[in-house]
Structure formats: C-alpha cells, structure tokens
Amino acid sequence: MKTASLIEFCRQRPLFVVLLGAISITLLKALLAGIEMEENFASMGNDDIMRMVMVRDWLAGQSWFDTTQYRLMPPEGVLIHWSRYVDAGIAAFIVPFSFFLPMETAELIGSAIWPTVIFIITLFVIGFGTKRLFGPVAASFAVMCAIFWPLLGDLHSRAGNLDHHNIQLLMMVILVYAVVWPGRPVVAGIWGGLAAAFALSTGLESLLFIVVAGIVVFGRCVFDPRPETRQLLVAFCLALGTASVIFWLGLTPPALRTQPVCDQLGTPMLSVIGIAVVAALAPLALRQRIPGWIFQIGATACLTAIGMAIAWPLLGPCIQGPYGDLPPELQEFISTRITEAKPFHLYVQSHTGAALVFIIPVITALLSGSVLWWTRRGDSQSDQSQNAILGQLLLLGFCGICLIALQMRTVILVAAVVPAIGGACLAVLLKGYLEKRDAIKAVLMFAIGIGVMAPQIMLDPFWPDATENRTETEMATADCRTYASLNALNEVSPAVILNSTNIGAPLLWVTHHSSLAAPYHRSPAAFMNGGLGFAMEETAFEALARESGATHVLLCAGNSYDSEFLTALAAGEVAVDWLNLVPLSNDEQMLFEIQG
C-alpha cells in the first residue's frame, strides 16, 4: 500500500521528485568536492582564483570602490573591472565561518557554498518557470537537462566556481521567463528589467542577449497590441533603466562617474540603455492618435538613430570592444590562446569534444523546438498560447547562436532557453507515446533526451575527456598550481615574480609574493609579460625581466614553453649567470633570483 502511494505521489508531483533528486545530486557533488577543496580550488580558472583574492583584500580593509589588485604589476597595481556585488555575495558565506574557523578554511568553504546556492536557485527558477509555461512534465525534463548537461550542471556550478558566469546564467534565466511570462505583466517586466540590469552590472557579455530579449518584448507590444503587452514593455524599460543607474552608482566611485569605460557598466552603457528606453516608450504616447505597427517601429528606429548620433562621442570608442586599444599581437594572442575568448570556429579546433558537449544540446533543442512549433502552428487542438511562447524562446535561442560564433563563452547565455525548449519537446513526445505507444515517438524522445541532457554519452567513445575545458598548456602547468606546490614559495621573502600567465592568479592566492603576469586586459603589460614574454629567447627575455622590475623568475619544472631557452631552463639543461636557482622544498617549482 505504501509503495502504491509513493508511486501515485511521484506521478502527481513529478517536478517535486525531480527537483529533490537534482538538489541532492548538487549537494553531494559539492560535499565531495569540498572534502579536498584546497587542491580542487587550485585547479579552477584564473578568474575564480582572482575573485577569491579580491574578496580577501576587500574583507581585509580595501575600499568597496577600490577594485585594484595591488600585488599584480606593483606598485601601481591593476584595476580589475569586476562587480563588488558578487564579492559581497561570496563574502556573506565566508564571514560567518571565519568567526570560528581559520580564514583560509572559511574561504574554501565559502567558495564551495556560493556556486552551489546559485545553481540550486537556478534549478528552482527553471523548474517552476517551465511548469508555468508548459506544465509539470516539461518542467521535470527541463530540470534534468540543467542537472545533467555538463555546461550547466558542472562547468559553471561546481564548487569553487566564483566567476560571474553562474550569476549571469541565473539572471538570463529570470529574464527569459519574464519576457514570455503569461500573465502579471507588470511583475514580469520588473523582474526582467532587474535581472537584465544586474547582469550588466556583473559584466557586459550579456548585452546582446539582453538586446534581443528587449526586442522580443517590444515586438509583442507592437504586433500584439494589448494592455498586457504594453504594461510588460513599460515595466521592463523602467525597471531596466532605474536599476541600471542604481547598480552603477553602487559600483562606481564618485570621482570616476564621469569617466567613460567600455568594459563595464558605465556612462556609455547607461547612454545605450537610456536611448533604448526612450525609443521604445516614446511612440506609445502617440499610439492612440497614430495607430499601426509601421509608425511605432519607424518612430523607434528614428529615435534610436538620433540618440546614437548624439551619444556617439561616448559610444564611438567602445565599438571595437574591450580589446580594441590593445596591441595587435596581444589581440591575436587573446583570440587564439585565451580559452573563453575564442570564437566558436577556433574553440572547436582546440577543444573539439568540449565544444560539441556545449553546442549539441543547443542545436538539438532549437531544431526539435522548431519542428514542434511548425507542426502545431494553426492546430486547433494545440494550445496556441504555449506555441507562441515556444516561438519566442526559439527566437532568443537562434539569435544567441550568433553570439557563440563571436565568443564561445556566450554559450552560457543561450543555455538559458535550452532546458525549457527541450522540456517542452520531450513532454509532447512522452504524451504522444503514452497515448498510442508510438515506437517512433519513443525513439525520438530518447534521441532528443540524450541530445539536450547528456551529449557526452554519444561523445565518450570518441573523446573520453570531452568535458575537459582546459588547454594543453593549462594542463601542463597543473602541478605548479597546486596549493602545496605554490606554498613552498613562501619559504622565500616577498618578491616580485615574473611568471607565465596561468600562474599569476594562483601565485597571488597562495603566496605573499607579487606577480607581473595575469590575463587581464586592463594591463597590457601583465598580459604580454606572461604570454608573449614566455615565448622570448634568452636575450629578449633577460631584457624583459630587468625592465619589468622583477626580482625573480618562476618556471614549472619540466614544462614546455614557446621559448626553447625557457623550455631548456625548466628542464635543467642550461644555466645562465644572470639567474640563480633558489632552493625550495617542492621540486615542482623552479624559482630563479635575477642577479645584478
């Protein structure tokens, strides 16, 4: 009797059961990772580790508005254009544990809890959002997609992931559901505007996706002129504009608020938001007198063009993007060597398995969703309001494909629509199979399910490490990035170290030393020191070491560099009179003191 009751409960509450399972898996993964968090965190990305260094400095007394990392390129340091709001969220978990645990332990616990909490919130939004749009069965499939797809369930949610991409995913998921939400347009518009504004305050990677979402909201108001769609547009625009200004004021020092910046929320981005808000809302005032979509679109286009022309002195320098002012050779280095900045066609060449794991669910969801939308279009037996919502999600997804072509890291934004679309398709196929026991629908459901949830199952025979997202260079330096290995450097008095790019952030995290190289574009010198510098031969490298103000040079023992001289030096095959090897208790590091 109890078994029958349990089965009946699962049948009636599938979303509850799936969410409970997904949260249990998430917590178990976080617990297992937390057991050896010290070494696990050392293997995280540079931005994750640097974020912890920034949080630590803030908690130690550095100003809220001062996001300069002073131990990188000392003594001036490097301004890291990151959001203190994310720092505050991470610190909220670190500080309570620091009351009764050493700060180092509290940091590791906080770095495990933060991404876990963000992902659990994302699961709830996806689950209950999809339930409202397409029903509980579709919602259950959507949550399973989120938990099993490595892009969502692992890469951006694993313990130690402190970069802002998981926050941006959560904001984009909220934005997506707000854009298509059936009913309560004012509340939906406010939530969508707040989510978009907060995403922009953490980073501008989401800008184009937010523009597409805004166009969808505007299009609904133009082509479906009802009070509800008008209320949605007004609420979204006002919330986006107001919240953006508030978040900007909270991030920017008063003395720098007039300084235009192109790589974070600043006056150029605020001007774009202001233009969009005015251009979208102003024609609504004349809609009763001049009805018709032609006038509204034409007026919006004209106002946008006029606004862009007026604001061009602010916007013009930002057209080339954050890397536009960097030397050409450094721009090439970033686009071809920095993993997350690569466009898709370059990323797939160096990370074929990972690229397919990330892109197959997107393609599968968009293609199967398109077929479903087309076959149900105009079908009197189908819910056309749901089909319209599906069409809007597809529009967001297809526009997002263009972003992936520019930078592979934007796949996390497109991923916001994949679970809902995939869940809707799988729910329809499951219903069709249960009604007629149609074998074709069963096969399609299995194929689409694998495609949107676990493409690694298909890829494992060809790429056993398909989800590996690190380059060969990053994997080669893994031993040098371990906590124990780097901690040996603390046996030496504080020094200014010239190191390769991927060692900079871990060096600042573990040791008391300063670094002259890390992958942050606001310091071209730091970028070039660790990247192009470690491709130089002896004469040029010596000149770089002396001119940079370094007291020491750090190499990974036995590692291969783009420089024959440094490769031989790391292998112990050569010795030079201007570098003196410093004895350390860990032989994975080779620290040389610069003589003379």
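Reader: Which residues touch the most other members of the largest nonpolar core?

Author: The general idea comes first: in soluble globular proteins, nonpolar side chains tend to be buried together. The model before you is a predicted one. Its largest nonpolar core holds 175 residues, and W509 and L555 are the members that touch the most others. The element that gives the most to this core is helix 9, with 12 residues.

Reader: What does W509 touch, apart from residues up to four places away in sequence?

Author: Its contacts include E38, F41, A42, I49, M52 and V53, and also R56, E107, L108 and Y483.

Reader: How should I picture the chain as a whole?

Author: The chain has 596 residues, and 54% of them count as buried. Its secondary structure consists of 29 helices and 7 strands. Among contacts with a separation of 6 or more, 70% are between residues 24 or more positions apart. The accessible surface is about 26,000 Å², and carbon and sulfur atoms account for 66% of that area.

Reader: You mentioned helix 9. Is N166, which lies in that helix, buried or exposed?

Author: Helix 9 covers residues 165-180, and N166 belongs to it. N166 has a relative accessible area of 4%, so it is buried. Beyond its neighbours within four places in sequence, N166 is in contact with W114, P115, I118, H156 and N161.

Reader: In what sense do strand 3 and strand 5 pair, and over how many bridges?

Author: Strand 3 (residues 496-498) pairs with strand 5 (residues 552-556) in the parallel sense, over 2 bridges. Within this pairing, I497 stands opposite H552, and L498 stands opposite V553. On strand 7 (residues 589-594), the partner runs antiparallel to strand 5, and 5 bridges join the two. There H552 is opposite E593.

Reader: How does one read the two faces of a strand?

Author: In a regular strand the side chains alternate between the two faces of the sheet. In strand 5, H552, L554 and C556 are on one side, whereas V553 and L555 are on the other; both faces are covered, and all of these residues are buried. Thus 5 of the 5 residues of strand 5 are buried.

Reader: How many salt bridges does the structure hold?

Author: Side chains of opposite charge can pair when their charged atoms come close. The structure holds 8 salt bridges. In one of them, the side chains of D87 and R84 meet at 3.0 Å, N to O. Both residues lie in helix 5 (residues 84-98), 3 residues apart, which is about one turn of the helix. D87 counts as buried, because its relative accessibility is 2%. R84, with a relative accessible area of 2%, is buried as well. R51 is linked with R84 and D87 in a network of salt bridges.

Reader: Are R226 and D224, which form another salt bridge, buried or partly exposed?

Author: The closest N and O atoms of R226 and D224 are 2.9 Å apart. R226 has a relative accessible area of 35%, so it is partly exposed. D224 is partly exposed too, at 31% relative accessibility.

Reader: Where in the chain do D263 and R522 lie?

Author: Their side chains meet in a salt bridge (2.6 Å, N to O). D263 is in the loop between helix 12 (227-251) and helix 13 (267-281), while R522 is in the loop between strand 4 and helix 27 (524-530); the pair therefore ties together parts that are 259 residues apart in sequence. D263 is buried, with a relative accessible area of 13%, whereas R522 counts as partly exposed at 26% relative accessibility.

Reader: Which residues form a nonpolar patch on the surface?

Author: L28, L31, L32 and I35 form such a patch, and together they have about 440 Å² of accessible area. L28 is part of helix 2 (residues 14-35). With 49% relative accessibility, L28 counts as partly exposed.

Conventions:
Residues are numbered from 1 along each chain as its sequence is written. This is a predicted model: local features need pLDDT of at least 70, side-chain atom pairs count only at pLDDT 80 or more; totals for chains, interfaces and linings use all residues. Side-chain values use heavy atoms; hydrogens and water are left out. Patches are made of residues with over 30% relative accessible area and no salt bridge: like charges are joined within 9 Å, nonpolar side chains (Val, Leu, Ile, Met, Phe, Trp, Tyr) within 5 Å. Accessible areas come from the Shrake-Rupley method with a 1.4 Å probe; for residues, only the protein chains shown count as cover. A salt bridge is a side-chain nitrogen of Lys or Arg within 4 Å of a carboxyl oxygen of Asp or Glu. Helices (H or I, at least four residues) and strands (E, at least two) are DSSP runs, numbered from the N terminus. Buried means under 20% relative accessible area, exposed over 50%, partly exposed in between (1.4 Å probe, protein chains only). Contact means heavy atoms within 4.5 Å. A nonpolar core is a set of buried Ala, Val, Leu, Ile, Met, Phe, Trp, Tyr and Cys residues joined through side-chain atoms within 4.5 Å. Two strands pair if DSSP finds at least two bridges between them.
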